[in-house]
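Reader: Please take one part of this model and go through it closely. I would like the packing described in one connected account, with the cut-offs given.

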Amino acid sequence: MQLNHYNTNFTARTFPITLICDNVTNAPNIGSLFRIADAFGIEKLILCGENIQLGRKMAKTSRATEKVVPYEITDSALTVIKALKSKGHQILALEITETSTAIHSSKFSDKAPIAIVIGDENFGVSDPILKLCDTIVHINMFGQNSSMNVVQATNIALYEITKQLQ
């Protein structure tokens, strides 16, 4: 018999993870981020940038998880990151750079809360933000493309990080 959310035995849990979205503005992507934030038990979702819309398209994709996931909307990811860093958060960016390391070979610790920064669907995490990060991780890719959808990449990252924190 296939199980559903009424008869599974998953234990609710919250991980010390904040997801910072730097100019992620696509409504279906935002809805999907709410959904995975709920699925992976992250503490908070912070949507940063101008024109962040939480309309009908977002709600359709989120399947009402925006009602249970703590979130905020703010203009500046840079300001949020500086504030979290000053409070002792580990700042981690999900981005392919010259110095990034493969996420599967990275070690994550629950000794301090983690803030994961994901970037704009077209341009990624900005350079000023990358300079503030303690760690930059990427997902190894083996095909022709050098990037994947921001939501799919976030799914992979949250899976790996929460797996290590369990």
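**The packing around C21**

Author: Not counting residues up to four places away in sequence, C21 touches L33, L45, I46, L47, C48 and I118, where contact means heavy atoms within 4.5 Å. This is a predicted model, in which local features need pLDDT of at least 70 and side-chain atom pairs count only at pLDDT 80 or more, while totals for chains, interfaces and linings use all residues. Residues are numbered from 1 along each chain as its sequence is written, and side-chain values use heavy atoms, with hydrogens and water left out.

C21 also belongs to the largest nonpolar core, which has 34 residues. Such a core is a set of buried Ala, Val, Leu, Ile, Met, Phe, Trp, Tyr and Cys residues joined through side-chain atoms within 4.5 Å; buried means under 20% relative accessible area, exposed over 50% and partly exposed in between, with a 1.4 Å probe and protein chains only. The members that touch the most others are I17, L19, C21, L33, I116, I118 and I161. At least two residues each come from β1 (15-22), α1, β2 (42-48), β4 (90-94), β6 (114-119) and α5. These elements are DSSP runs numbered from the N terminus, helices being H or I with at least four residues and strands E with at least two. The largest share, seven residues, is supplied by α5. There is also a second, separate core of 16 residues, with I46, A77, I91 and I136 among them.

The axes of α1 (residues 27-39) and α5 (residues 150-165) come within 9 Å and cross at roughly 15°. Axes here are lines fitted to C-alpha atoms over the stretch in contact, with angles from 0 to 180 degrees between N-to-C directions. α1 and α5 are therefore roughly parallel, a label for angles under 35 degrees. From α1 the contact uses N29, S32, L33 and I36, and from α5 it uses V150, V151, T154, N155 and L158. By class these are five nonpolar, four polar and no charged residues.

The loop between β1 and α1 holds N23. N23 is not a glycine, yet has a positive phi of about 65°. With a relative accessible area of 32%, N23 is partly exposed.

Definitions and conventions
Parallel < 35°, antiparallel > 145°, perpendicular 65-115°, else oblique. Nonpolar A, V, L, I, M, F, W, Y, C, P; charged D, E, K, R; others polar.
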